[in-house]
Amino acid sequence: MSAVRAILRLFVFAAFSVLAVLLLRHWMANKQYVFNKDDVAKLAKQYAGQDHEQAFSKVVVELRKRYPGHILPDEDLQWVFVNAGGWMGSMCLLHASLTEYLLLFGTAVDTGGHSGRYWAEISDTIISGTFRQWKEGTTKSEIYYPGDTIVHGVGEATSVQWSAGTWMVEYGRGFIPSTLGFALADTLFSTQDFLTMFYTVHVYVKGMLLEAGTLLTDAGIF
């Protein structure tokens, strides 16, 4: 009887898991999003080839004009190290929700590793430097330059490599919490840089709170 109960519990758990995934997929397929990857790429491309710090400042100013209430204020912007898949970079989060994020990303040193495999689509538009990508199932890599946009599809995995001084604008859409395991794994099990982990979680929560406040304000609750 205990074996039967265990099988029934496993079946119920599997059924609820499948139902939850289907509901999430339906919600994400039909909800209204704040950003569009083509619009973000078009904006970033305007400043490709410029000094990355000046370009980033212009991008942030323009984003605040286009999406008021959805971009973190200057006092909450922070460059935070990211260790994931064997590579090391730095990010500055601009927007975060359950289904979208927008950030500035790059590296001051040569670095590379595994891209990760996500339940999210991620697009990067290069401002400066070069980015090399080796796609799963192929035997050749491709190099991308300032102004190029690279789209990492849902469920895809690639080998990635950034040259020193590569900086980009990144937009992700999907179930964003599913990306955090990969983003934090190296920090948790390798570098054990728990201060960086705190910074990462802290700024993500700030982004979530900003978005929640904006949604409530738009709904007339605040």
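**Salt bridges, pockets and a surface patch**

Start with Lys37. Its relative accessibility is 27%, so Lys37 counts as partly exposed. Keep in mind that this is a predicted model.

What does Lys37 pair with? Glu121 forms a salt bridge with Lys37. The closest N and O atoms are 3.3 Å apart. Now look at where the two partners sit. Glu121 lies in strand 5, residues 120-128, and Lys37 lies in helix 2, residues 37-45. The pair therefore ties together parts that are 84 residues apart in sequence. And Glu121 itself? At 27% relative accessibility, Glu121 also counts as partly exposed.

How many salt bridges does the structure hold? The count is 5. I'll take two others.

Go to Arg64 and Asp74. Their side chains meet in a salt bridge, at 2.9 Å from N to O. This pair links distant parts of the chain, 10 residues apart. Arg64 is in helix 3, and Asp74 is in the loop between helix 3 and strand 1. Is Asp74 buried or exposed? Asp74 has 53% relative accessibility, so it counts as exposed. The cut-off for exposed is over 50%. Arg64 has a relative accessible area of 25%, so Arg64 is partly exposed.

Next, Arg117. Arg117 forms a salt bridge with Glu136, and the closest N and O atoms are 3.3 Å apart. Both partners are in loops. Arg117 lies between strand 4 (111-114) and strand 5. Glu136 lies between strand 6 (131-135) and strand 7 (141-144). So this pair ties together parts that are 19 residues apart in sequence. Arg117 has 48% relative accessibility and counts as partly exposed. Glu136 has a relative accessible area of 54%, so Glu136 is exposed.

Rolling a probe the size of a water molecule over the atoms shows where empty space is left.

What is the volume of the largest pocket? It is about 270 Å³. The pocket is lined by 15 residues. Closest to its centre are Lys31, Val34, Ser97, Glu211 and Leu215. Which helix gives the largest share of that lining? Helix 5, residues 194-218, supplies 5 residues. By class, the lining of the largest pocket has 7 nonpolar, 4 polar and 4 charged residues.

Now the second largest pocket. Its volume is about 220 Å³. Here 13 residues form the lining, and the closest to the centre are Phe56, Ser57, Val60, Trp79 and Leu104. Helix 3, residues 52-66, gives the most to this lining, with 7 residues. By class, the lining of the second largest pocket has 8 nonpolar, 2 polar and 3 charged residues.

Last stop, the surface. Which residues form a nonpolar patch there? They are Val12, Phe16, Leu19 and Leu23. Together they have about 400 Å² of accessible area. Take Leu23 as an example. Leu23 is in helix 1, residues 2-30. Why call Leu23 exposed? Because its relative accessible area is 54%, and exposed means over 50%.

Over to you for questions.

Note on methods. Residues are numbered from 1 along each chain as its sequence is written. This is a predicted model: local features need pLDDT of at least 70, side-chain atom pairs count only at pLDDT 80 or more; totals for chains, interfaces and linings use all residues. Side-chain values use heavy atoms; hydrogens and water are left out. On a 1 Å grid over the protein atoms alone, a cavity is a set of points where a 1.4 Å probe fits but cannot get out, and a pocket is an open set with protein on both sides within 12 Å along at least five of seven lines; lining residues have an atom within 4 Å of a point. Grid points are joined across faces, edges and corners, and a volume is the space filled by probe spheres set on the points. Helices (H or I, at least four residues) and strands (E, at least two) are DSSP runs, numbered from the N terminus. Ala, Val, Leu, Ile, Met, Phe, Trp, Tyr, Cys and Pro count as nonpolar, Asp, Glu, Lys and Arg as charged, and the others, Gly among them, as polar. Patches are made of residues with over 30% relative accessible area and no salt bridge: like charges are joined within 9 Å, nonpolar side chains (Val, Leu, Ile, Met, Phe, Trp, Tyr) within 5 Å. Accessible areas come from the Shrake-Rupley method with a 1.4 Å probe; for residues, only the protein chains shown count as cover. A salt bridge is a side-chain nitrogen of Lys or Arg within 4 Å of a carboxyl oxygen of Asp or Glu. Buried means under 20% relative accessible area, exposed over 50%, partly exposed in between (1.4 Å probe, protein chains only).
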